[in-house]
Every structure is written in structure tokens, then in C-alpha cells.
Amino acid sequence: MELLGIDIGGSGMKGALVNAETGEMVTERFRVPTPEGRKPEDMAQVIKQIVDHFEYEGPVGCGFPTIVKNGICKAPGNLDKSWVGVNIDELFTAATGHEFTVLNDADAAGYASMNYGIGKGKQGLVIMITVGTGLGSGAFYNGELLSNFELGQIPYKDYKKIELYAASSAKEREGLTIEKWAKRFNKFLKYVELIVAPDLIIVGGGISKKWDKYGHLIDIETDVVQAELMNHAGIIGAAIASLKEHHHGHLS
């Protein structure tokens, strides 16, 4: 069975067909730049363009770069402020005629890991942390998504939120060595451990490729593992979310 997954970012909107059994992309990724104003109607037209490109029939899964609750955008993130309060599922369905399941992009990446990667079959509370410009987090309990865990938003010291202190962008911005950055990231993980007491933490995002350079500096009690290097985790996870949505009713 092939499913269409779409990953929306501030700079690009990308889609591909995914094999639901293996979690592998079965087409080339099709990418369209995100329209300049990042407004709902313009972006909905790009979504239609992506769906039409694949001549696809069926439900679509879509990762969205901000908080999504019951299909509704709750914060603008890096998009236009007019997104707040928009029912994204309904907007994209109206534009394309396809049923949509829209979820937070970090949650979508977590789905990829939990269904096809290192998180497969893991029980208990699993937290996926994606390290990039910010710190994204996805929470899963016995394989079921608990949506919109925004652990990177915790205020810390003089930083408005801890992701400004401990994401990859802080390493670049403040010129930190990987060791200095890893100490900050470890501090963030200590807070995650203290606040939600997970059974397993999976670390993904670009910097996870350098795990061998800093993994030994992570010294919390919880097991911390490197995510598999899925460059297209957002697309893959969004596609599988559309399937789960069909079986379970609505994602919260």
C-alpha cells in the first residue's frame, strides 16, 4: 500500500509516496518552495500542486511546523500569523478533495522512528528529540502518539526558552565546541528526565550524525539512543500517520 506524505517547512514543502509496510519512499521527493508570505491560501495551493503531481488517490498525511490540535493551528511558528485558528485539515481537504491528517512535524518524525526505526516495538514512554534550529519533541506511550509535547519551550536562565540555549543553532551562534554544546544538550535532557521520566529518549536531527563525537558526554540515567539517519523522516512519518488516523479516529 502506498501513501502520500507531505512535510511542510518554512522554506520548502516536500512530498513523496511511501510504502506503508517498509516505510521506504517509493518515488523521488517532489519539492516546491514555500510561498513567500507563508499564508494559508497560498500554501493550500502548493499542497494541491504536490497531490496533483503524484496523481494520488486516498488519504494524505502532512507534517506541519507548529502546534496542531484536532487539526487546528494553535501557533504561527515561522508562518504567517493568519494561520492561528485555521482548521488545516479542512483547508487542505477543500483545496484538494482528499482527506488530510495534519500533525506537528516533530511528531511526524517520531512516527517514522516508532514504526520503522529504533523505536519500533518499544513500550512505555518514549521521547523523540529532534535537534536542529530548535529542539523538537515527540512523545509516544506504548507506541501511541501524545501530541504537542513542546519540551524545547521550557524557559532557562537568561534564555526565553531552553532551545535557544541547547539547539544546534546555539552551537553555531555562540561558536561552541561540540563538547561545550553537548554539556548544554545534556542539561536539557536532565530536565526532560526530571519532568516526564521517560523510559527511552531517541535523539534525531542533523547533529545526531555526529553522535560518536558527543554521545559519551550524555550522562543521564535514562537510556538515550541515536535515531536512524532518516533524511525524510517527516514525509515517512506523516504518511503512516494518515493510515493510523483512518483506523483510530482523530489525532488529538
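H3 gives the largest share of the lining of the largest pocket, 5 residues. This is a predicted model, in which local features need pLDDT of at least 70 and side-chain atom pairs pLDDT 80 or more, while totals for chains, interfaces and linings use all residues. Residues are numbered from 1 along each chain as its sequence is written, and side-chain values use heavy atoms, without hydrogens and water.

A pocket here is an open set of points on a 1 Å grid over the protein atoms alone, where a 1.4 Å probe fits, with protein on both sides within 12 Å along at least five of seven lines; lining residues have an atom within 4 Å of a point. The largest pocket is lined by 50 residues, and Asp105, Thr130, Thr133, Gly134 and Gly136 lie nearest its centre. Among the elements that give two or more residues to this lining are helix H3 (105-116), strand S8 (125-131) and strand S9 (135-141). Helices (H or I, at least four residues) and strands (E, at least two) are DSSP runs, numbered from the N terminus.

S8 and S9 form a hairpin with 3 residues between them. Their pairing is antiparallel over 7 bridges, and strands count as paired if DSSP finds at least two bridges between them. Val131 stands opposite Leu135 in S9.

S9 is also joined to strand S10 (residues 144-146) by 3 bridges, again antiparallel. In S10, Glu144 is the bridge partner of Tyr141.
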